[in-house]
Amino acid sequence: MKVVMLGATRGIGRSLARRLASGGASIHVLGRNAEDLAKCAEDLKVRGAAAVTTSLCDLMAPATFGPALEAADAALGGFDTVILSAGLFGTQDELANDRARAAAVLTANFTNSVLFCEEARVRLLARGGGRLVAFSSVAGERGRKPVVIYGATKAGLSAYLEGLDHLYRAQGLVTTTVKPGFVRTSMTQGLKEPPFAGDPDDVAKTILSAILRGAPVVYAPPIWALVMMAIRALPRAVMRAVKF
Amino acid sequence: MLSGWGRVFGPGREVCSEDIEVITNNATLTRGLARSYGDSSLPDARDGVVASSRLADRILSFDEATGVIRAEAGFSLLQLNRTFWKRHFAAPIAPGTQFITLGGMVSADVHGKDHHATGGFGSHVSEMRMRLANGDIVTASRTQNADLFKATIGGMGLLGHILDVTFKMPRISSPWVAIETEKMPDLDSYLAGLKDAAKRFPFTMGWIDTLGATGKLGRGILMRGRWATGEEARPGVPQPLVRPGLPFVVPEFAISRLTVSAFNALYYGVHPRTMRRKIEHPETFFYPLDAISHWNRVYGRRGFTQYQCVIPDSAGAEGVKSFVELLRRTGGSSMVSVIKDCGDEGEGMLSFPMRGTSVAVDFPARDDVQGIVDTLNAHLIELGGRVYLAKDRYTRAADYRRMDKRVDAFLAVKQKYDPMGRLRSAQSARLELT
């Protein structure tokens, strides 16, 4: 595999990149901090990646997307997979009380994530397809009290990714929407842990297997597919009454 | 609330980040995967917060020619094994669980089945980068800040936060293990068998029945092993084993002297009478308890403690026997009692091992646990032995001072690098190590 990743330096993205590396993939890592990128590259190399290269790219700066993907294309000799696992998180309390922070989360998770995928889509389609993988969240499944704003960004992203998959799968572009449940990463530290919480490495295993078989949607840990099915089925009156 | 592996909870919360320099800034203690049994990874009640290195787990460099690796403190033995066994490198020592981090391995100077041959983990470390109590980041090695280096090995995280560790991995002939297991009818033959095996095998350990009726006291199963040669090895790379979990906390009545006796009798009984040889999966041989996630729930709601001590050779086999006899009388219900021999004391200023015999038993943390530990400690002090801090939750400060004459020298180094006594844990407060 020849993979471009934005978000491989941290969280679930880091675990996923390591699994790709130990499987012998060639990886081009995008990120905004050169020192972090260098350390990430060395880590992935030792863990077995066939080759690791890096470019600067910032999810908050859409102008960097095109050049970064061009650099990735050159370094990898044509990539076949693009994975976007970067994103921002804020609790409802934080986002409801900090307009600038809310704007950043909305921009990163929706507008700029869509723009990044568009840049990737164009390049993948030009060579007859490939895999596009983006991290949304189970938080986008229903409007819920603890994740009103964050959930909305992920709902928008999920809708975009689903549409993309419907539109282009016949042309060879397979889009996988990743919907992690609660995973113990630095993003979720300090939050009260719900049942069915997962560890990044286990979650990455589930996600990688879904990517390889071209699944349109993957819930990880898998139990969250059932949890969300139940939550989607709840009437509004119930959602209004409960705290989750 | 936080706890060590023994599930005896105390106040506190964890902060974690991929960036270890961020989380250790102004922190008073760093923990890894919290596999120490007692309170060594719990924050002092006055601090309430402990930094967790578990996400700071990058490999920073690796030299295939020499086996020298440098990795962040949160890099785990599990990741090391999965990354390097297939390339015929292994950790320099073989502890009993792989759910431990480099930082923890240094801080507890962990030992393994091969201690008699290879010493503690600290003896294989060449360099560490550390954040001191005042926030400075320094290098510690045998030539730079050598006193800091020696006090940090086995120093339970009280000298500074370990940021990354450089050490050397030996090459192995294959990632599979050639093992022999043998029944030993009593403690004398067990101890003799252990000494004999140490001459021929890098890995030796075993399990004894401390509850057996008199006469059978100390009957056990001795295990010895070595890395399999290329010809002996099974084909392919050992795949990670699937770990079923213990999904609930077992009710306390399930673990009693009766049920544990039955378990021990069964464990001993099912082993064939004659010696058994086989080529084994390395996870099965090295980490039998890792096979069940959350096995620590077996001791019930109040948790448990592990009592591990080393009895010096100067106390002789009689000393070990008297201690095991005391264990039987004080009557903890221990599922697995592990006895193995230790090699020489390492350079770590508070490292646990010394030449002698190590005994480890589990006790459910019930009302009488403090009394049991006090009784065992009193006899241990008479024998000239000491307890392993990574397991300890109940030893009293005065008893600890009687066991370990090195404490003053350790505290002198601590005073130099942490004059304000900022770095501390629930354990260091209990044992007055600050």
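Colleague: What makes you say that strand E10 and strand E11 of chain B pair?
Modeller: This is a predicted model, and in it six bridges join E10 (residues 203-208) to E11 (residues 220-227) of chain B, the two running antiparallel. Pairing takes at least two bridges, so these strands qualify. If you want a spot to look at, B:Trp207 stands opposite B:Ile221 in E11(B).

Colleague: Where do those two sit in the sheet, and why is the sheet called open?
Modeller: The order is E12-E9-E11-E10-E14-E15-E13-E16 in chain B, eight strands with antiparallel pairing. The edges are strand E12 (276-280) and strand E16 (386-387) of chain B, and each pairs on one side only. That's what leaves the sheet with edge strands.

Colleague: Which helices pack there, and at what angles?
Modeller: Helix H9 (residues 316-330) of chain B lies across strand E13 (304-312) and strand E15 (356-364), at about 5° to E15(B). H10(B) touches E13, E15 and E16 of chain B, and its direction makes about 10° with that of E13(B).

Colleague: What does B:Val359 touch?
Modeller: Leaving out residues up to four places away in sequence, B:Val359 touches B:Gln308, B:Cys309, B:Ile311, B:Phe323, B:Val324, B:Ser337 and B:Ile339.

Colleague: Why is B:Pro11 called partly exposed?
Modeller: Count its C-beta neighbours inside 10 Å and you get 13. Buried needs 20 or more and exposed needs 12 or fewer, so 13 lands in between. B:Pro11 is in the segment before strand E1 (13-16) of chain B, and apart from neighbours within four places in sequence it is in contact with B:Met1, B:Ala45 and B:Gly48.

Colleague: How do you know that chain B agrees with a compact globule?
Modeller: A compact globule of 434 residues would have a radius of gyration near 22 Å, and chain B has 21 Å, so the two agree. The C-alpha trace of chain B spans about 60 × 50 × 45 Å along its principal axes, and buried residues make up 53% of the chain.

Colleague: And what are the values for chain A?
Modeller: For 244 residues the rule gives a radius near 18 Å, and chain A has 17 Å, which agrees. Its C-alpha trace spans about 55 × 40 × 35 Å, with 44% of the residues buried. The secondary structure of chain A comes to nine helices and seven strands.

Colleague: Why is E1(A) described as mostly covered?
Modeller: Five of its five residues are buried. Both faces are covered, with A:Lys2, A:Val4 and A:Leu6 on one side and A:Val3 and A:Met5 on the other. Five bridges join E1(A) to strand E2 (residues 26-31) of chain A in parallel, with A:Met5 opposite A:Val29 in E2(A).

Colleague: Last one: how many residues of each chain are in contact with the other?
Modeller: Eight residues of chain A are in contact with eleven of chain B. By class, the chain A side has one nonpolar, two polar and five charged residues.

Methods: Residues numbered from 1 in each chain as written. Chains lettered and ligands numbered in written order. Predicted model: local features only at pLDDT ≥ 70, side-chain atom pairs only at ≥ 80, totals over all residues. Contact = placed C-beta atoms within 7 Å. Nonpolar A, V, L, I, M, F, W, Y, C, P; charged D, E, K, R; others polar. Helix = DSSP H or I, 4+ residues; strand = E, 2+ residues; numbered from the N terminus. Rg over C-alpha atoms; globule rule 2.2 N^0.38 Å. Axes fitted to C-alpha atoms, helices over the stretch in contact; angles between N-to-C directions.
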